[in-house]
Amino acid sequence: MNFKKQFKEGLLTKNPVTVQLLGMCSTLAITTSLFNGIGMGLAVTIILICSNVLISALRNFIPSQIRIAAYITIIAGFVTVVDLFLQAYIPALAESLGVFIPLIVVNCIVLGRAEAFASKNSVLASAVDGLCQGIGYTVALVITCVIRELLGSGTFGGGLLNGGEGIRIIPAQFPAMQMVMPVGGFLVLGFVIAASQWLMKYLEMKSKKKEAAK
Amino acid sequence: MKTESTVKYVLRLALTLLLITAVVAVALAAVNSVTAPKIALLNAQKTQEAIEAVLPGGGEEVAFTDDTGLVATVYQGNAGYAVKVTPTGFNGTVEMMVGIDPSGNVLGISVISQSETAGLGAVSAASTSAGEAFRGQFAGMSGSVSVTKDGGAVDAITGATITSRAVCAGVNAALSCVANMG
């Protein structure tokens, strides 16, 4: 098991959002304030770790013919638990994310990792995979949130800092409302994906140069 | 697997899935028994706060007649009525409280719960300056309200006309309900 490799994959080279392009619906819909991004990222990370661990533990028990049904049942169970706990203990976040918490059930990241990783690897490796992929998802989400919130609402840290208003950076009359609407989501996500591709190429070139110098 | 009969094979699959769903169901029931009272308490608290936000002094639940099908509950207090209405927004029901004085003017509105788009329709319930400005404009209105796009006086939330229309529909339902009560 290679934690560093898994971490790098989750964060950059196999990032669930920018490379695997999974979970697009929630990514485009909720990335309008920092609070949403962090909350959604944490919720998905927790569910991803739990479902990966359980599915990995049961990987020899679940017959492959019914694995998708079994995985979805397990994932739906964890999502409902998180949803109920959020409603009971962090109602502000539950309200802000609304229907997108229950929709984590059909988020391809969770099922994708169950199918591609947890069903073939040990419990510990699957837990690490859940954590790394979750962090990758959260980071991609937070970056998209910060850009969209800044351009669309002119604030930073909405729902979290400055009593929920966010810290105003651009005066209220200037921000482009379109950026918090769907069109802004597609635009910003495209640029975030492009930036991550550039970063990957850059890092690859750098490591090649290093090898050549050796 | 070759030696396994078809009956056995089907049963194995069905029983495995049954076992998994049963375990998940029991786990969910356990979690629900912990969180349900907490959620119910929060909702009751929110309803109470919503009543007091639109109707100074609060009120008691009273019987009502309603033709719109949107009115859920009516509370009567010294300052007038608080009407809980449930119009349909963009993603689902918008649960809101409308305060109305005895002569039929809106005292104020507050949104109890909604599942509108974050950053757009959800502004209707947000405790931000934009949300407060949107809800605040209803105070003092009477008769029938609608958004400016429909020829009314209510400035819709940018990018959330459907939510704004839903809120107007809720306010109208509350107004006509109170008008019927005389």
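The model is predicted, with pLDDT of at least 70 required for local features and 80 or more for side-chain atom pairs, while totals for chains, interfaces and linings use all residues. Residues are numbered from 1 along each chain as written, and chains are lettered from A and ligands numbered from 1 in the order written.

Helix H1 of chain A spans residues 3-13 and helix H7 of chain A residues 123-152 (helices are DSSP runs of H or I, at least four residues, numbered from the N terminus). Their axes come within 7 Å and cross at roughly 30° (lines fitted to C-alpha atoms over the stretch in contact, with angles from 0 to 180 degrees between N-to-C directions). H1(A) and H7(A) are therefore roughly parallel (angles under 35 degrees). Contacting residues (C-beta atoms, placed from the backbone, within 7 Å) include A:Phe3 and A:Phe7 of H1(A) and A:Cys132 and A:Val139 of H7(A). By class, this contact has 7 nonpolar, 4 polar and 2 charged residues (nonpolar: Ala, Val, Leu, Ile, Met, Phe, Trp, Tyr, Cys, Pro; charged: Asp, Glu, Lys, Arg; polar: the others, Gly among them).

Helix H3 (residues 34-57) and helix H6 (residues 108-118) of chain A pack at about 35°, their axes 10 Å apart. This crossing is right-handed. Among the residues that meet are A:Ile47 and A:Leu48 in H3(A) and A:Val110 and A:Arg113 in H6(A). The contact has 8 nonpolar, 3 polar and 1 charged residues.

Between chains, 27 residues of chain B contact 31 residues of chain A. Helix H1 (residues 6-54) of chain B gives the most to the chain B side, with 15 residues. That side divides into 12 nonpolar, 13 polar and 2 charged residues.

Definitions and conventions
Helix = DSSP H or I, 4+ residues; strand = E, 2+ residues; numbered from the N terminus. Parallel < 35°, antiparallel > 145°, perpendicular 65-115°, else oblique. Contact = placed C-beta atoms within 7 Å. Left-handed = near helix turned anticlockwise from the far one by under 90°.
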